[in-house]
Amino acid sequence: MESCSSECQTPEGLEEQTKRLQKDMKKSTDADLAMSKSAVKISLDLLSNPLCEQDQDFLNMVTALDTAMKRMDAFNQEKVNQIQKTVIEPLKKFGSVFPSLNMAVKRREQALQDYRRLQAKVEKYEEKEKTGPVLAKLHQAREELRPVREDFEAKNKQLLDEMPRFYGSRLDYFQPSFESLIRAQVVYFSEMHKIFGDLTQQLDQPGHSDEQRERENEAKLSELRALSIVADD
């Protein structure tokens, strides 16, 4: 009679997991957009720097950076739109089934309580001495029990039949979404590799190794530190 009791409690955990995943995906896409928008703003701020008017090489470098950041932002927006459409929205739709599912579980539990109450009433009269009034009340109690038992059994059977199918459908439902998520990430990072590869080629000075650039930066930083206006007191 209570064979689906433990399984009927499981949707609460699944609902919570679905909500958490949807929330985390939204946070992730919001953070991605904020990152690329910030990168574009930084490059725009650099373009407005007076150094761009004074140094053509610096202007060329910042222009190349700005172009790369705008390309990155465009691909990032495309990725986020794809994730919104193929992952977040399906999660939201999947979550919309839980109110009716939870209501079906509650109705089954209410039917079970009614069934138990009337069954106990029947058993009480069955244990009494079989007098005329007791037999009449027993008959009435059994008549009251019959439709309640049938109602419970119907609700119980429905959950036992449909709950496994509901859980079994999760993989078929979500697999295309997660495949789309992986493809969107692969496309995005492949494009980022190209964008920053192109940017590196534009900014690289021929014959300069990373060690040479580091030494040059340290030398320039030492010159700045030597200025009296930035010297330590």
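Predicted model: local features only at pLDDT ≥ 70, side-chain atom pairs only at ≥ 80, totals over all residues.
Helix α3 spans residues 56-95, a run of 40 residues. From its first C-alpha to its last, the helix reaches 56 Å, close to the 58 Å expected at 1.5 Å a residue. At the N-terminal end, α3 is capped by D55, which places a side-chain oxygen 2.9 Å from the backbone nitrogen of D57. Further along, α3 has a kink of about 40°, and this kink is centred on Q84.

The partner considered here is helix α5, made up of residues 132-203. The axes of α3 and α5 come within 10 Å and cross at roughly 180°. Angles over 145 degrees count as roughly antiparallel, and the two helices are therefore roughly antiparallel to each other. Sorted by class, the residues in the contact of α3 with α5 comprise 23 nonpolar, 7 polar and 6 charged.

A pair of aromatic rings is described by the distance of the centres and the angle of the planes. The count comes to 10 aromatic pairs, among them F94 with Y173. Their ring centres are 5.4 Å apart, with 35° between the planes, and the pair is classed as tilted. F94 belongs to α3 and Y173 to α5, so that this pair links distant parts of the chain, 79 residues apart.

Conventions
Residues numbered from 1 in each chain as written. Heavy atoms only, no water. Helix = DSSP H or I, 4+ residues; strand = E, 2+ residues; numbered from the N terminus. Expected span 1.5 Å × (residues − 1). Bend = angle between axes of the 7 residues up to and from the residue. Polar contact = N/O pair within 3.5 Å; in protein donor to acceptor, adjacent residues only side chain to side chain. Axes fitted to C-alpha atoms, helices over the stretch in contact; angles between N-to-C directions. Parallel < 35°, antiparallel > 145°, perpendicular 65-115°, else oblique. Nonpolar A, V, L, I, M, F, W, Y, C, P; charged D, E, K, R; others polar. Phe/Tyr/Trp six-rings, centres within 6.5 Å; stacked < 30°, edge-to-face > 60°.
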